[in-house]
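Keep the viewer open and click along as we go.

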Amino acid sequence: MTNSPAVTRTVVVTGASAGIGRAAALAFAARGDRLALIARGHAGLAAAAREAEDAGAAKVVTFEVDVSDPDAVEATATRVEDELGPIDVWVNDAFTSVFARFTEISPTEFRRVTEVSYLGFVYGTGAALRRMLPRDRGVVVQVGSAIAYRGIPLQTAYSGAKHAIQGFHEALRCELLASGTGVRVTMVQMPAVNTPQFGWVRSRLPRRAQPVPPIYQPGVAGRAVLYAADHPRRREYWVGASTAATLIANAVVPGLLDRYLARTGFDSQQTDERQPAAEPDNLERPLDERRDVGTRGRFDERSHGRSAQQWASHRLADALRGVARLATHSAG
């Protein structure tokens, strides 16, 4: 169990119309927070808002915004506070990508992925901090990935963006710690998740894209974001045994992992089904503008609804905090 806040919070979630963003929004909604949901797709946002209201959110407002536009993000933050009150938590999740070899990705496509999947996080964080720092409170949660440490073939643009977010997060966290502010920033490194994005991103692969198994349901990721927002003093959280194993292996034997992924990373990211020619993608325009696709992707039968690693990590952290509180009380 996470520690429920004593008061209802105002929470902003980008990329909230599907996948991890939508799952995180529902996790916050279930305990009665006020939600501002940001994404590009009208139908997806409207459906996510209805689900959040049904789940128990105190209030839900939606904003159709492309996070690569810093002025639009800043204006949205102002509107959120006008409608819901001071922002307590800002979750950066929105992204897009291109599945292809680096030599098959155009400079325009690479720039677009970077603007959304990296700079969108920078703009969101900036908008949040401009409001949180004067109040000396608030939390920014960056939704990361094992790819933030371990790049993989066929995802050079996305790997680069996630690595950039990791460096940005570390540098910013140091600045916040040095300032003595009560504002916190934390990052959640995700495993492969069953989101609709694998049918949305632009792909030049011969076969349909898939997350690298083991695959987890978005609810696992959503609960991790909620826990991180409640316990933001840790610099980052790892979700799933596969994430932990990948990051440890990359720290110990990165060259060996390069060779392993060179052998396995192409097939493991593709199903046996051929990729249709000229299939629509969401690189420039949302695919849930007129039709909601829900939170999950096409891999329900192969996805895990729980993570033993996540459960153990959260319980250990809770136990250590309990011991620390007891020791402080005893010393006093």
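**A walk through the model**

Let's start at Ala25, which sits in helix α1, covering residues 19-29. Helices here are DSSP runs of H or I with at least four residues, strands are runs of E with at least two, and both are numbered from the N terminus. A quick word on ground rules: this is a predicted model, so local features need a pLDDT of at least 70 and side-chain atom pairs count only at pLDDT 80 or more, while totals for chains, interfaces and linings use all residues. Residues are numbered from 1 along each chain as its sequence is written, and side-chain values use heavy atoms, with hydrogens and water left out.

Back to Ala25: is it buried or exposed? With a relative accessible area of 3%, Ala25 is buried (buried means under 20%, exposed over 50%, and partly exposed in between, using a 1.4 Å probe and protein chains only). Skip its neighbours within four places in sequence, and Ala25 still has contacts with Val13, Leu35 and Leu37, where contact means heavy atoms within 4.5 Å. Ala48 is 23 residues away from Ala25 in sequence, and their C-alpha atoms are 8.1 Å apart in space.

Now move along to a sheet. Three strands make up this open sheet, in the order β8-β11-β14 with parallel pairing; two strands pair if DSSP finds at least two bridges between them. The edges belong to β8 (192-193) and β14 (303-304), and each has a single partner strand, so one side of each is left without a neighbour in the sheet. Between β8 and β11 (residues 215-216), which run parallel, there are 2 bridges. If you want a pair to click on, Val193 stands opposite Tyr216 in β11.

The peptide bond from Pro213 to Pro214 is cis, with omega near 0 degrees.

Two other loops have backbone angles to look at. Asp136 is in the loop between α4 (107-135) and β6 (139-145), and its phi is positive, about 65 degrees, although it is not a glycine. Asp136 is partly exposed because its relative accessible area is 43%. Then there's Ala278, in the loop between β13 (270-274) and β14. The phi of Ala278 is near 55 degrees, again a positive value in a residue other than glycine. Ala278 counts as exposed, since its relative accessibility is 81%.
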